[in-house]
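Please read them beside the sequence and the model.

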Amino acid sequence: MNKAKFALAVLSVATIGSAYAQSARGYISIVGSSTVYPFATVVAEQFGKSTQFKTPKIESTGSGGGIKLFCAGVGVEHPDITNASRAIKASELEQCAANGVKDVIEVKIGYDGISVGHSKSAADVSFTRRQLYLALAKEVPDPKGGDKLVANPYKTWQDINAALPALRIEVLGPPPTSGTRDAFVELVMDEGCNSFSFIKAMNKADKAAHKAACQTLREDGAYVEAGENDNLIVQKLEANPDAFGIFGFSFLDQNRDKIKGASIEGVAPEFETIADGSYPVSRPLFFYVKKAHVGVIPGIKEYLAEFTSAKAMGEEGYLSERGLIPLPKDEYARVVGNAKTLTAMK
Amino acid sequence: MSDASETARTSYARVEAGMKRRRAAERRFRFLGKCAVGLGLAFLAILFVSIVGNGYSAFWQTRITLDVTIDEATIDPAGAREPQVLRTADYGALIKQSLRDMFPEVSGRRNRFALYGLVSNGAGFDLRDKVLADPALIGRTISLTVAADDDVDMLMKGHIDRRAPESDRRIKDNQLAWIERLETDGRIGSAFNVDFFANGDSRDPELAGIRGALMGSIYTLLVTLGLSFPLAVSAAVYLEEFAPKNRWTDLIEVNINNLAAVPSIVFGLLGLAVFINFFTLPRSAPIVGGLVLTLMTLPTIIIASRAALKSVPPSIREGALGIGASPMQAVMYHVLPLALPGMLTGTIIGMAQALGETAPLLMIGMVAFIADVPGGVFDPATALPVQVYLWADSPERAFVEKTSAAIMVLLLFLATMNALAVLLRRRFERRW
Amino acid sequence: MHVQASEFTRVSTEPGAGRFPAAPEIEGRYHREHRGTVGEVRLDLPRMRCTGVDVHYGDKHALRDVSLDIGMNEVLAMIGPSGCGKSTFLRCLNRMNDTVAGCRVSGEILLDGKDIMAPDVDVVPLRARVGMVFQKPNPFPKSIFENVAFGPRIHGLARSHAELEEIVVSSLKKANLWDEVKDRLAHPGTGLSGGQQQRLCIARAIAIQPEVILMDEPCSALDPISTAKIEQLIDELRRNYSICIVTHSMQQAARVSQRTAYFHLGDLIEVGETDQIFVKPRHQLTEDYITGRFG
Amino acid sequence: MTQTPLLVVLLLTLSSLAYHFGRKRAFAVSGGRVRSLHSLPAYYGLYVALWAVIPALLVLGLWLGFEDGVITRLVVASMPPEFAGLEPSRLNLVLNDIRNLVVGNIVSSAPDATIIAAADRYRELRGISTIALFAATLGLATVSGWVAYGRIRPEHRSRNAVERIVMGLLIACSTIAILTTVGIVLSVLFESIRFFQAVPVTEFLFGLDWSPQIAIRADQAGSSGAFGAVPLFAGTMLITLIAMSVAVPIGLMSAIYLAEYASARVRAIAKPLLEVLAGIPTVVYGFFAALTVAPFIRNSGGMLGLDIASESALAAGLVMGVMIIPFVSSLSDDVINAVPQSLRDGAYGMGATPSETIRRVIIPAALPGIVGAVLLAVSRAIGETMIVVMAAGLAAKLTANPFEAVTTVTVQIVTLLVGDQEFDSPKTLAAFALGLLLFFVTLALNVLALYIVRKYREQYE
């Protein structure tokens, strides 16, 4: 009895030990943006089914978090690909290089609008970027006049503009690790705050102060950091008609039966308005590939090929069914070329 | 009569006077007790009704029959029938073509998308598998039954109201018209959802299955069982039968009792810090999950095993010792066999607890999107309860149904394990 | 009046059967057909009158056809070997057997002429009239004062706190406990010595002014000095209450009681004046028990 | 290495052979008088068997632990010098490629000649290693078994030797519990210390603001990075309070009803059914709370004109309370049953009604035990994760209003750690600090509760 038990224990330890020693990573590891996540998972599934390679493992960590992991180094324990809902920053590339990640291939996969949405059961709303800035910034120009910043005094949307609903300001949005957050800050908050001339002037004098004034979001409960999961935001909006949420257009597109997007500067977030650039808050989506891993981790090249193929990224590809706005023809051709030749960023 | 019986009489009168109030109080209290039990059972009933009500339909899947022309020019332009070419060809295009052929009047990008959206993204792969199995089909037109898109599925199952205004439903008016045409043609039907049990996770609800999560759970539990049972039994035998009473064993004892009540998420933190950061075991792997759950279930199994040992009467030990057996012999040959059923019962209950556990697995990365079915303890995997968590967070309506169905499967497994434990207890229970 | 009891058939099912070897001559001697109670079971002015009481525990016939009167202001002792049914009978008198699962009682038990077995009788006021003291002292985990005040409180016997205090003090005095506890009424009752605890339980019982007090081997867990105090107390209480006491000590029965009933394996064998029972038992079984040949 | 199971099987076979021979030898040395032996012949067999297998297994374990490293080093040494000069991480990648090739995974590109050569070398070395391993372990097993075999004499205390070995194993197993606790404390402590280097302990424990999502780059404006955990404690307490106000009355009353009133039949049905509630995984409760209960509460609140957040503390607390009902009821049931029957008899004998007996005698007598049970339930509620992750909010608000959304310690641990793998930011480390706190709070509650319950048990034993 005891011997059998002992043998069992030994056997299990031995098999585990041996299995570990021979484990070699045979699958692609992908991290990054939750906005790109739904596209990447669909491609990964198709890739897994149509090739002999294993399906890549994808974790949604946010663009910033993903790039951070991606840039941590070269090696099996580091991810091969990171998705990003914004372009990689120069500072991040430097960080990458410092850690030995020298050649990074950039693949632009399409465009996505950032929508400010709310429950379908609420009344339609139209915002300007200035209004959104006033609602969400930590410090705003004194409503009583004067060129100084005060702690954000606005409690309801109506406080900002009488045309807006008389609801408490409650916006669910992503945390700083998210690319959607970065893009929102750049495309909405910066624009909104630059509409005040004295803040715009600060940019020349004190860049850091300008950045702090424009990009710092409220922490008094009006802006709620809802985590990396855009799905969660959608669910919460559905349940709470008084709240707004900030998320990628693809999520709006997928959940048209539950939520709708507010117009920004009078333009509603639609496939066409984002594609033709009339919707003001749109940004490109990317993923980045570690060139050092190509040819070492099996399948990276083929994954690239699958992602950039016409049946995926093309005009009628399955990604556009999911709400990705395809690249213009010439840009698409350039991306495909880059992916084929594995041209790294300069 | 004496004075005493006089007071007895007055006191009796007072007792009688209070009886009405007291009987009412008694009834109230009893009613409260009944309410409490009733409420507890009602919660249970609501829980089950809500889950079964949401989930039973997931076991059926709406399917659409298409006439697909397998066009050689699209899938094998070279005509060489090379498996590699056949495997990677764009079968989706054939499916789309067949839909266009069926509804030639549809034009415009949006409308065509809406049309393609009727069938699942997996349809092309069904076709591929058919062609790979029999390349002679190329050039012929075959009748193919494929899974419908999840929205169509939801519509057919009645979760989407056909009479709701168009803007409020995910199936648009034009799609509704096509579906109705398919219905009149008898091309749309319902079948047992094999995919749900055969597939791994997917972003498409109609393709998503629990096989990957189930295998992940099984691998995790195998590791847990293989480690925790021998460890727990040995520890219990030592502590109950041999350990001297001293500070050290007291410490172990207090430790075990505490560990049994430590929140499971703390074990997740332990796993993250020790197994992943320190020993650099892979993230998202059943081996790490199994190790974490082993540590988590050990106290439970040790406590149950000790109870089983305790319930063996001392007379058995004394009997063995009395005929000259060593303490070790007495335990190994006489006490342990008698305690084993109780230990097994405790182990099964510990395993059931491990099977239902989610929080520590979140900490060690078993929440990634993993479409492949894991093939070993080092492959990335999720587990059943984590799959429930992931699906519960997915926005598609069809995932609500899938989530509930996955819960039903999970509960079925738990019920089986517990029934096994009860059976074992009944079968081997001895009264001393 | 006396219905013939059925035969004893199986020996081994009877409790206590294992205590003596089942030799044939013993079986023959002690397990024979019962032929009714010897002695006068009836009194002129009974407080309680039991007629044909039968008790079953599940399949077991624990008490057969017992008829017995309990008089005013007397101490009635019930004696007999273990498992003879004396405690079972005692517990019928205030329907404590109701709390035992699977116990069925039939027959007629009158208290002051009213049948307490009737289905519409509420056991609560009944037990207020027929109090009980148990084998093991069982004070509630409360203060001494609260222990005694428990009954008056639940039954609403005291109109005011002063009245309650009066009841508590007089009960403690009647139970000969007052002098020992008057300085520590707020101390827990479980902190007293065994004999004091038992007297506390008696005080607790008499605080509700019962007419009958049932005592189930009240001294079996006590030392001789405490026992002597309780016996003295019983003698004093007799003036105001009817007392039934179950005891396995014949000496105790002889010391405290006026009448004695001898039970044997579920049958009431003999009833009589205590002096007569101990000096001139009329039934062979009683005599065997009294003289120590059996039991 | 794939042969490891085979090797283990071989070793076990060898050891059973050793057992057989050991036993035979014992018979032989006894000269047919088994009674002259110190131990039973089987123990001589076991003694030899254990000696044969244990050293060999130790070697096997060590070998497996070092094999890969040694082979890799040899492979690298055999490769062209430019590979040896690679930095470790790149070398690692190359090795991964080689291993993929060796294992037979599909490799991405057509591998170049050096890699193939290296893979061949790897394979070859592994073959050698395997043979050597077989030879070494089986040889060692034979030798050590032989030595043990040689020691067999009638007076040899084999049983004692065997029992010492087994006892050593048992003791090793029982220390796992200690190791686990130490592991927990150390793993959360180190990261917490790093966290407290960045954020003062006092700010963490007494700060009123929780906003951990700090900027991850220098050129980004994140939130201020406030790490005051008081709102989390408040949220946890609020949800726990709601859960307790559901679970304690219902659990206690059903325990009382089932123990004191219900017929055996009702008890036999209702008790296991109630316990089913305890066996349901918490993720199911979370799903139920988020999907069914929260919308229901919100809607019914809306009908009453109440403004209830969709992730109200009420919904999470309510469902958590339901989960804890069986926990409270089964613990209370134990406690109530431990109250001696004599107390019940005493009360009934004085004419107390059942409810008076329960309220005035049983509950006061069982109170310490019930308090212990409730404390254990509280500890459980505080540590419960999935229900709150799925049904409670993320905003750290300091409020006592059950209709508002609050967040809890466990929710924050999960939010901060899921998907996040950077262990240099206070944001991630904060999760460990919360974990440390959670561990100590539940530890204190458990110790207290177990102490109270034990004291209580002793009182009636």
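**Notes on chains C and D**

1. In chain C, strand β1 (residues 46-57) and strand β4 (residues 103-111) pair in the antiparallel sense over 8 bridges, where strands are DSSP runs of E of at least two residues and helices are runs of H or I of at least four residues, numbered from the N terminus, and where two strands pair if DSSP finds at least two bridges between them. Within this pairing, C:H56 stands opposite C:R104 in β4(C).

2. This is a predicted model, in which local features need pLDDT of at least 70 and side-chain atom pairs count only at pLDDT 80 or more, while totals for chains, interfaces and linings use all residues. Residues are numbered from 1 along each chain as its sequence is written, chains are lettered from A and ligands numbered from 1 in the order in which they are written, and side-chain values use heavy atoms, with hydrogens and water left out.

3. β1(C) is also joined by 8 bridges to strand β2 (residues 60-71) of chain C, the two running antiparallel, and C:V55 stands opposite C:L63 in β2(C). Their hairpin has 2 residues between the strands, and C:G58 takes a positive phi near 60° there.

4. Helix α4 (residues 144-155) of chain C is mostly covered, with 10 of its 12 residues buried (under 20% relative accessible area, with exposed over 50% and partly exposed in between, for a 1.4 Å probe and protein chains only). Among the buried residues are C:F145, C:F150 and C:I154. After α4(C) comes C:G156, whose phi is positive, near 65°.

5. In chain D, D:L179 lies in helix α7 (residues 176-198), and D:L179 counts as exposed because its relative accessibility is 55%.
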